[in-house]
Every structure is written in structure tokens, then in C-alpha cells.
Amino acid sequence: MRSHIAIALALGAFALSAGPSFADGNSPSLEQFVIEAAETPAQHTALANFYKASAAEARAEATRHNQMGRAYGPGRMSEHQRMKEHCDEIAKNFTATAKAFDGMAAAHEKAAAAAKSK
């Protein structure tokens with residue numbers, strides 16, 4: 001939790017430090033702004049860390065839903081089978097989300113390395 005607060009503060013400070021003003025009411029999200037403005041190794045590293053934390057959260061949700069799904073395990077009523085399938089599907093989706101966040105983290109780690117070599 002402490003790392004999420006630190007990442008949020010770092011991303012917020014980064015977003016406020018440079019870049020255009022979005023006063024027209026069609027503002028992109030803070031995350032989108034930070035991604036588009038990232039240039040330095042530290043900025044890309046912060047984004048990589050953010051995505052790693054997001055992946056960890058998604059994996060924790062997948063684990064939680066897998067555990068719930070097992071509670072509805074075999075030999076239970078048909079409603080329980082539907083709930084098990086529901087939990088299994090949610091766990092599968094969170095696992096896929098975690099993999100996507102891993103990919104984003106890797107991309108920003110690569111961008112950080114490239115920015116260091118400039």
C-alpha cells in the first residue's frame with residue numbers, strides 16, 4: 001500500500017512538473033498524460049513500477065477468485081457450479097490483465113534503458 005501511495009505521488013508530481021495545460025474540459029487521464037510525457041529514465045522507471053504494482057494487484061485478485069471458485073468445488077448444487085465458473089472466468093481475466101501490465105512494465109523498462117543511453 002505504501003508503494004502505491006509513493007507511486008501515485010511521484011506520478012502526480014511528474015504530471016504537474018511539465019507539459020501542456022488541459023483546460024478545455026477534454027482532459028486525458030493523469031495516467032495517459034504521464035505516459036505521453038515520459039522521457040527520462042526515472043519517469044519510465046516510475047511507470048514500470050506502477051505497472052508492476054498493478055500486475056501484482058491483478059494477480060492477487062486472480063488468486064482470490066480462484067480460491068472462491070474452489071469453495072464452490074465439485075459435488076455442490078448447480079448454482080454453485082455456475083458460481084465456480086464465474087470465479088474461474090474472473091480469475092482468468094485478472095491473470096490476463098496482470099500479463100498485460102507486465103508487458104507495459106517491460107516496455108517502460110526498455111524505454112528507461114534507452115533514455116539512459118542518450
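## The crossing of H3 and H4

Helices H3 and H4 cross in a left-handed manner, a crossing being left-handed if the near helix is turned anticlockwise from the far one by less than a right angle, and right-handed if clockwise. This is a predicted model, in which local features need pLDDT of at least 70 and side-chain atom pairs count only at pLDDT 80 or more, while totals for chains, interfaces and linings use all residues. Residues are numbered from 1 along each chain as its sequence is written, and side-chain values use heavy atoms, with hydrogens and water left out.

Two packed helices are described by the angle between their axes and the distance between the axes. For H3 and helix H4 (residues 78-116), the angle is about 165° and the axes are 7 Å apart, where axes are lines fitted to C-alpha atoms, for helices over the stretch in contact, and angles run from 0 to 180 degrees between N-to-C directions. H3 is therefore roughly antiparallel to H4, given that angles under 35 degrees count as roughly parallel, over 145 as roughly antiparallel, 65 to 115 as roughly perpendicular and the rest as oblique. The residues in the contact of H3 with H4 comprise 19 nonpolar, 9 polar and 8 charged ones; here Ala, Val, Leu, Ile, Met, Phe, Trp, Tyr, Cys and Pro count as nonpolar, Asp, Glu, Lys and Arg as charged, and the others, Gly among them, as polar.

## The chain as a whole

The chain has 4 helices and 0 strands, and its elements run α-α-α-α from the N terminus on. Helices (H or I, at least four residues) and strands (E, at least two) are DSSP runs, numbered from the N terminus. Of the 118 residues in the chain, 24% count as buried, which means under 20% relative accessible area, with exposed over 50% and partly exposed in between (1.4 Å probe, protein chains only).

Among contacts in the chain with a separation of 6 or more, 60% come from residues 24 or more positions apart, and contact means heavy atoms within 4.5 Å.

## H2 against H3

The axes of helix H2 (residues 30-37) and H3 come within 9 Å and cross at roughly 140°, so H2 is oblique to H3. H2 passes H3 in a left-handed crossing, and the contact is made by Glu31, Val34, Ile35 and Ala37 of H2 together with Gln43, Leu47, Phe50 and Tyr51 of H3. These contact residues divide into 6 nonpolar, 1 polar and 1 charged.

## Along helix H3

The 31 residues of H3, at 1.5 Å a residue, should span 45 Å, and this agrees with its end C-alpha atoms, which are 45 Å apart; the expected span is 1.5 Å times one less than the number of residues. Several residues of H3 are buried, including Gln43, Leu47, Tyr51 and His65.

His65, which lies in helix H3, counts as buried because its relative accessibility is 8%. Leaving aside residues up to four places away in sequence, His65 touches Cys87, Ile90, Ala91 and Phe94.
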